[in-house]
Each structure stands twice: as C-alpha cells, then as structure tokens.
Amino acid sequence: MDNKGILIVVSGFSGSGKGTLMKVLLDAYDNYALSISATTRQPRAGEVEGVHYFYRSNEEFEKMIAKDELIEYARYVNNYYGTPRDYVEEQLNSGKDVILEIEIQGALKVKKKYPETLLLFVTPPDAATLERRLVGRGTETPEVIRSRMLRAAQEADGMDAYDYLIINDDIEACRDEVHRIIQSEHHRCSRNVEFMDQIKAELKANLKGEL
Ligand code: 5GP
C-alpha cells in the first residue's frame with residue numbers, strides 16, 4: 001500500500017475527553033504523531049511548554065501568522081490557537097499519521113486546504129456528562145465553564161461536516177475504535193493510487209508476456 005501518512009483532525013467539545021483519548025491512543029499504538037499547537041492562552045497547572053502547547057504572546061503569535069508558519073489558526077474563547085507547519089509536514093512525509101487536536105473553525109480550514117484530511121468529532125454521550133466533566137476538572141472559573149458550554153452548543157452545529165462521530169463513553173473502547181477507523185482509511189482506493197497503478201501495469205505486462 002502507499003506509504004503516506006494520513007492527516008487527521010480530532011475535534012470535540014472542551015471536556016469531551018479528547019485530550020485523554022489522544023494520550024491513550026498514542027500510548028497504545030506506534031504510528032501516530034500528535035501535533036503540538038501554539039497558543040496565547042496561559043498554561044494550566046501541570047501543563048508544560050513544548051509538551052502541551054508552545055505558549056506565545058499575542059505579538060509572537062501574530063509574527064508566526066505573518067511568516068506563514070501556521071497551517072491554520074483560530075480564535076477560541078479570547079485566545080489564538082494555531083498549528084505549526086514544519087512538524088506536520090515532516091511527520092507526514094516520514095509515513096506517520098499526524099493528529100491535529102483542534103477546534104472546528106481550524107478543522108474546516110485544514111479540510112479546505114487538504115481535502116484528503118480525515119475529520120473525527122469526539123462527543124460525550126450527553127450534555128449533562130459534558131458539564132460534569134468541565135466542573136470536575138476544577139481548573140476553570142464558572143464564567144469559563146459557561147463560555148465553554150456556550151461554545152459547545154455552537155460547535156454542535158458543525159458536527160455534520162465531520163467524517164466520523166466518536167462517542168466517548170468507555171475510553172479504551174473509544175481508543176480502539178479510533179484506531180480501527182484510521183486503519184480503514186489507509187485502505188481507501190483514493191489513498192492507494194500508486195499501488196493501483198503498479199498492479200495495473202503489472203497485469204498488462206503479464207498479459208503481454210513480459211513478466
Ligand atoms: P484548551 O484551551 O482547552 O487547551 O483548547 C481549547 C480549544 O482549542 C480546544 O477545542 C482545542 O482542540 C483547540 N485547539 C488547540 N490547538 C489548536 C490549534 O492549533 N488550532 C485550532 N484551530 N484549535 C486548537
């Protein structure tokens with residue numbers, strides 16, 4: 001099969017558990033690379049520069065935009081978030097499946113630029129579970145929780161644009177489901193043009209007695 005990595009966008013409401021899902025997916029399987037975004041938001045307790053995000057000032061972020069160093073960027077709850085280009089391109093070229101964990105505006109921009117991107121949307125089983133998870137995180141003020149619930153309601157309108165819906169109830173089951181979906185994508189005919197061309201040529205040569 002063609003040895004090209006797939007670009008995968010994973011979105012989901014803040015509190016959908018997509019961060020944990022990505023962690024368990026990367027721990028369990030080898031062929032994934034997770035892109036690290038740049039952001040202007042402050043690090044949360046326990047977050048580390050270069051591991052969770054590259055934390056940048058507004059001015060630094062706007063410089064990255066001007067120099068076209070980001071594949072996409074968006075504003076989310078008063079901060080910038082964006083995907084640095086170099087890492088994604090390097091990893092795709094080396095055959096890794098690259099995952100961007102980004103919100104919906106960015107997802108749609110990536111899909112427009114790279115139509116072969118696989119879009120996955122992660123959601124909890126219901127709205128009450130989402131609110132419980134946001135409150136339980138204990139790191140956000142009530143205002144931030146409210147603005148994230150509001151944002152979730154808006155984002156729900158965009159779910160239809162995604163390729164697959166991932167309902168995050170049981171994390172291990174969810175992890176294996178995501179892995180299976182991505183593996184299936186590798187078998188899509190449109191991703192295996194080189195392989196198909198080669199076997200077509202071989203068959204023709206075989207009929208002519210050249211093989
Ligand atoms: P958080 O502040 O909770 O880490 O992230 C807020 C939202 O920004 C999440 O939905 C997350 O997926 C999204 N996000 C993180 N990095 C990027 C990025 O590089 N680009 C875009 N468009 N969204 C991002």
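Asp68 is found in the loop between helix H2 (58-66) and strand E5 (70-76), where helices (H or I, at least four residues) and strands (E, at least two) are DSSP runs, numbered from the N terminus. Although Asp68 is not a glycine, its phi is positive, at about 60 degrees. Asp68 has a relative accessibility of 49% and therefore counts as partly exposed, since buried means under 20% relative accessible area, exposed means over 50%, and partly exposed covers what is in between (1.4 Å probe, protein chains only). A second residue of this kind is Asn78, which is not a glycine either and has a positive phi of about 70 degrees. Asn78 is found in the loop between E5 and strand E6 (79-84), and with a relative accessible area of 69% it is exposed. Most residues other than glycine have a negative phi.

This is a predicted model, in which local features need pLDDT of at least 70 and side-chain atom pairs count only at pLDDT 80 or more, while totals for chains, interfaces and linings use all residues. Residues are numbered from 1 along each chain as its sequence is written, and side-chain values use heavy atoms, with hydrogens and water left out.

Taken as a whole, the chain has eight helices and nine strands, and its C-alpha atoms fill a box of roughly 75 × 40 × 30 Å, taken along the principal axes. Of the 211 residues in the chain, 42% are buried. The chain is divided into domain 1 (1-31 + 96-211) and domain 2 (35-94), with bounds that come from an automatic or database domain assignment. The C-alpha centres of domain 1 and domain 2 lie 19 Å apart, and 23 residues of domain 1 are in contact with 19 residues of domain 2, contact meaning heavy atoms within 4.5 Å.

The largest nonpolar core has 18 residues, a nonpolar core being a set of buried Ala, Val, Leu, Ile, Met, Phe, Trp, Tyr and Cys residues joined through side-chain atoms within 4.5 Å. Strand E1 (7-12), helix H3 (85-93), strand E7 (97-101), helix H4 (104-113) and strand E8 (118-123) are the elements that give two or more residues to this core, and the largest share, three residues, comes from H4. Domain 1 and domain 2 both give residues to this core, so it lies between them. Among the residues with the most contacts inside the core is Leu7, which, leaving aside its neighbours within four places in sequence, is in contact with Val88, Leu92, Val98, Leu100, Val110, Tyr114, Thr117 and Leu118. A second, separate core of 17 residues includes Leu21, Val178, Ile181 and Ile182.

Helix H5 (residues 127-137) and helix H6 (residues 142-156) pack at an angle of about 150 degrees, with their axes 10 Å apart; axes are lines fitted to C-alpha atoms, for helices over the stretch in contact, and angles run from 0 to 180 degrees between N-to-C directions. This angle makes H5 roughly antiparallel to H6, because angles over 145 degrees count as roughly antiparallel, whereas those under 35 count as roughly parallel, 65 to 115 as roughly perpendicular and the rest as oblique. Ala127, Leu130, Glu131, Leu134, Val135 and Arg137 in H5 meet Ile145, Arg148, Met149 and Ala152 in H6. Val144 also lies in helix H6, and it is partly exposed, with a relative accessible area of 24%.
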